[in-house]
Structure formats: C-alpha cells, structure tokens
Amino acid sequence: MKRPFAAVVLAAGRGTRMTGQKKLLAEIGGMPIVRRGVEAALSSRAARVIVVTGHDAASVRDALRGLDVVIVHNPDYAEGLSTSLRKGIASVPVEMAAALVVLGDMPFVTPQLIDALSATQEANPEALIVVPVRNGQRGKPVLWHSSLFAELQGIEGDKGARELLSRHERNLVELSVSDDAVLIDIDTSEELKQYTR
C-alpha cells in the first residue's frame with residue numbers, strides 16, 4: 001500500500017563557501033540549482049512539497065515561481081541547519097506517513113530516486129529511516145518515518161540529523177543506488193564549474 005509522504009526542501013542557507021554568486025540561484029543546464037531539486041520532488045510521488053527559505057528568501061521564491069509548492073520562511077536560518085529542518089518538519093501535514101528531507105543544493109536528485117526511497121520504506125515495515133548508498137557511502141536525501149518527527153524537531157545547532165541515524169540504526173534501511181547524485185551537493189564555485197562546462 002502506498003503511503004503519502006512530503007518532500008521538505010531546505011533552501012535557507014547563506015552558501016558562504018561560494019564566491020561571486022548566490023549558490024542556490026546558480027544555474028546548471030539553464031535552471032537554478034534550487035529549482036532543479038524542487039522540480040524533481042514535484043515530479044515524484046510526494047503528496048506535498050515544502051520549501052524552507054531563509055537567506056535571500058525573495059530571490060529563492062522568484063526562482064520557484066509557478067511551481068506548486070508550500071513555501072515556509074525560517075527567520076532563524078542564521079542559527080544553523082537544524083532550524084530549517086525543524087521548520088520544515090513542523091510544516092508537514094499530519095496525514096503524511098513520512099518526510100523526505102532534500103538539500104536545496106543537490107541538483108541531480110531525480111524523481112525516480114525519491115520514489116525508490118519511498119517504495120523501500122513501504123516494502124520494509126520496520127524501516128523508520130531510508131538512506132541512499134552509493135559505493136558504500138551514505139548520501140541524501142533521507143526519508144524519515146513520521147514517528148521520528150518529534151526527534152527531528154529536537155535537533156539544535158548547525159547540523160542535520162546524523163545523530164538520529166546512529167540512534168535508530170536498527171530501523172534504518174540502506175538503498176543501494178547506481179547514481180552519484182546522492183553524493184553531489186554544490187558548495188563552491190569550483191564544484192559548480194565541474195557541471196557547467
């Protein structure tokens with residue numbers, strides 16, 4: 001049975017490691033990085049796509065114009081990634097069975113990957129967390145069962161939910177993938193150049 005899930009795209013960061021342009025608005029293939037990830041989520045089975053904005057929120061909204069997403073602003077974005085994660089999870093409708101947390105700077109995530117993560121959770125009733133793995137390395141996005149939402153909202157500081165992965169290792173299922181997309185995020189101008197030549 002297919003269970004509804006939401007995609008939460010974190011797009012609030014300042015992108016301070018990239019010089020000369022705004023990271024999430026930099027284009028790959030003629031499209032802003034943040035829009036690529038959001039469009040992938042919209043093309044998946046996700047029942048709701050929530051985008052958390054923060055730094056330069058107006059520009060991010062403009063980059064997503066015309067897309068059927070729920071935009072949630074995080075005024076506390078400067079305090080770290082956890083504030084955006086908490087804001088996004090708090091915005092997931094109660095009827096959602098899970099939330100897929102997508103980083104806004106991962107431009108190569110596909111709808112097929114998102115749906116495969118959801119299908120893996122559906123096929124494994126014990127799975128509270130589903131993580132994509134490429135060549136033995138865990139990547140993103142990560143799918144979280146709704147029973148963990150309260151713990152996700154308890155995370156503080158400039159970090160994601162890595163500690164929860166360890167805490168719930170027994171209920172974590174890894175999905176082996178053949179695509180490097182789960183390991184690629186764009187943080188610097190040099191990394192961007194690799195994909196815009």
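The questions and answers below go through a predicted model, from its overall form to single parts.

Residues are numbered from 1 along each chain as its sequence is written. Local features need pLDDT of at least 70 and side-chain atom pairs pLDDT 80 or more, while totals for chains, interfaces and linings use all residues, and side-chain values use heavy atoms, without hydrogens and water.

Me: How many helices and strands does the protein have?
Reply: Helices (H or I, at least four residues) and strands (E, at least two) are DSSP runs, numbered from the N terminus. The count for the protein is seven helices and ten strands.

Me: What is the radius of gyration of the protein?
Reply: The radius is taken over C-alpha atoms, and the globule rule is 2.2 Å times the number of residues to the power 0.38. For 197 residues the rule gives 16 Å, and the protein comes close to that, so it is as compact as a globular protein of that length. The radius of gyration is 16 Å.

Me: What percentage of the residues in the protein is buried?
Reply: Buried means under 20% relative accessible area, exposed over 50%, and partly exposed in between (1.4 Å probe, protein chains only). Of the 197 residues, the buried share is 52%.

Me: How far apart are the end C-alpha atoms of helix 4?
Reply: The expected span of a helix is 1.5 Å times one less than its number of residues. Helix 4 has 13 residues, so it should span 18 Å. The model agrees, with the ends apart by 18 Å.

Me: Is Gln-121 buried or exposed?
Reply: Gln-121 is found in helix 4 (residues 111–123). Contact means heavy atoms within 4.5 Å, and beyond four places in sequence Gln-121 touches residues including Arg-3, Ala-98, Leu-128 and Trp-144. Its relative accessible area is 4%, so Gln-121 is buried.

Me: Which helix do the buried residues of helix 3 pack against?
Reply: In helix 3 (residues 81–90), the buried residues include Ser-82, Leu-85 and Ile-89. They pack against strand 1, strand 4 (48–53) and strand 6. The helix among their partners is helix 5 (149–152).

Me: What is the volume of the largest cavity?
Reply: On a 1 Å grid over the protein atoms alone, a cavity is a set of points where a 1.4 Å probe fits but cannot get out. Grid points are joined across faces, edges and corners, and a volume is the space filled by probe spheres set on the points. The search of the whole structure finds one cavity of 30 Å³ or more. The space in the largest cavity is about 90 Å³.

Note on methods
On a 1 Å grid over the protein atoms alone, a cavity is a set of points where a 1.4 Å probe fits but cannot get out, and a pocket is an open set with protein on both sides within 12 Å along at least five of seven lines; lining residues have an atom within 4 Å of a point.
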